[in-house]
Amino acid sequence: LEKVAFSVRDHNLQALNVNDYFLRGGLCQLANGGPIRKGLHSHKVLRYYLKKWVAVEYSFVYSREYMFLTNLMDLIPGSDLDHFADHVYNFDNVSKLDLWCLRMLNRVREDIEEDIERKKRKKAQAEMEAKRKKEEEEGLRR
């Protein structure tokens, strides 16, 4: 997508699609990230690409697509599914997302849901461990 965007930006009529190509590239990178607990390597790579794309197409930094991608990178580590859904909904109201973009965002949503479930399981396991220790201490005191 990056090569296409760079070749298209020199053509007057096709230059309007450059931001869309960059958005698609960013969504690919976010969807490719995998589980959130693995350090969000995809965010580091995407930040590198965003800087690169801004250097090539200076107007990209002022675009909706750039703001959308940077806001998603800020929302994802917090595993807040409601804010993620609101952000995608608001962007979709302004600039319609096609089926492909929605599929990529669905992958990101699944990663967030997986992280939320992992945190719940970890919390439940910690509570069970604390309860077991407490019962052992009470048993020793008797």
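1. Aromatic pairs. In this predicted model, the structure holds seven aromatic pairs. One of them joins Phe22 and Phe60, whose ring centres are 5.0 Å apart and whose planes stand at 70 degrees, so the pair is edge-to-face. Phe22 belongs to helix α2 (residues 18-31), whereas Phe60 sits in the loop between α3 (41-56) and α4, so this pair ties together parts of the chain that are 38 residues apart in sequence.

2. Val18 and the loop residue Phe60. Val18 is placed in helix α2, the helix that also holds Phe22. The C-alpha atoms of Val18 and Phe60 are separated by 8.4 Å, although the two residues are 42 residues apart along the chain. Val18 counts as buried, since its relative accessible area is 1%.

3. Overall make-up. The protein has six helices and zero strands, and from the N terminus on its elements run α-α-α-α-α-α. Of its 142 residues, 33% are buried, and the accessible surface comes to about 9,600 Å², with 51% of that area belonging to carbon and sulfur atoms. Among contacts with a separation of 6 or more, 64% are between residues 24 or more positions apart.

4. The packing of α4 and α5. How do the axes of α4 and α5 cross, and within what distance do they come? The axes of α4 and helix α5 (residues 81-94) come within 10 Å and cross at roughly 175 degrees. The two helices are therefore roughly antiparallel to each other, given that angles over 145 degrees are placed in that class. On the α4 side the contact is made by Arg64, Glu65, Met67, Phe68, Asn71, Leu72 and Leu75, and on the α5 side by His83, Phe84, His87, Val88, Phe91 and Val94.

5. Arg64, a contributor to that contact. Arg64 lies in helix α4 (residues 64-75) and, with residues up to four places away in sequence left out, touches Phe91, Val94 and Ser95. The C-alpha atoms of Arg64 and Ser95 are separated by 8.3 Å, while the residues themselves are 31 residues apart along the chain. Is Arg64 buried, exposed or partly exposed? Its relative accessibility is 48%, so Arg64 counts as partly exposed.

6. The loop between α4 and α5. Ser79 lies in this loop, and its phi is near 55 degrees, a positive value in a residue other than glycine. As background, most residues other than glycine have a negative phi. Ser79 counts as buried because its relative accessibility is 9%.

7. Leu81 in α5. Leu81 lies in helix α5 and, leaving aside neighbours within four places in sequence, is in contact with Arg109, Ile112, Glu113 and Ile116. For one of these residues, Glu113, the C-alpha atom is 7.3 Å from that of Leu81, across 32 residues in sequence. Leu81 counts as partly exposed, since its relative accessibility is 23%.

8. Cysteines. A search of the whole structure finds zero disulfides. Cys28 is in no disulfide, and the nearest cysteine sulfur, that of Cys101, is 8.7 Å away.

Technical notes:
Residues are numbered from 1 along each chain as its sequence is written. This is a predicted model: local features need pLDDT of at least 70, side-chain atom pairs count only at pLDDT 80 or more; totals for chains, interfaces and linings use all residues. Side-chain values use heavy atoms; hydrogens and water are left out. Helices (H or I, at least four residues) and strands (E, at least two) are DSSP runs, numbered from the N terminus. Buried means under 20% relative accessible area, exposed over 50%, partly exposed in between (1.4 Å probe, protein chains only). Contact means heavy atoms within 4.5 Å. Accessible areas come from the Shrake-Rupley method with a 1.4 Å probe; for residues, only the protein chains shown count as cover. A disulfide is a pair of cysteine sulfur atoms within 2.5 Å. Rings of Phe, Tyr and Trp (its six-membered ring) pair if their centres lie within 6.5 Å; planes under 30 degrees apart count as stacked, over 60 as edge-to-face and the rest as tilted. Axes are lines fitted to C-alpha atoms, for helices over the stretch in contact, and angles run from 0 to 180 degrees between N-to-C directions. Angles under 35 degrees count as roughly parallel, over 145 as roughly antiparallel, 65 to 115 as roughly perpendicular and the rest as oblique.
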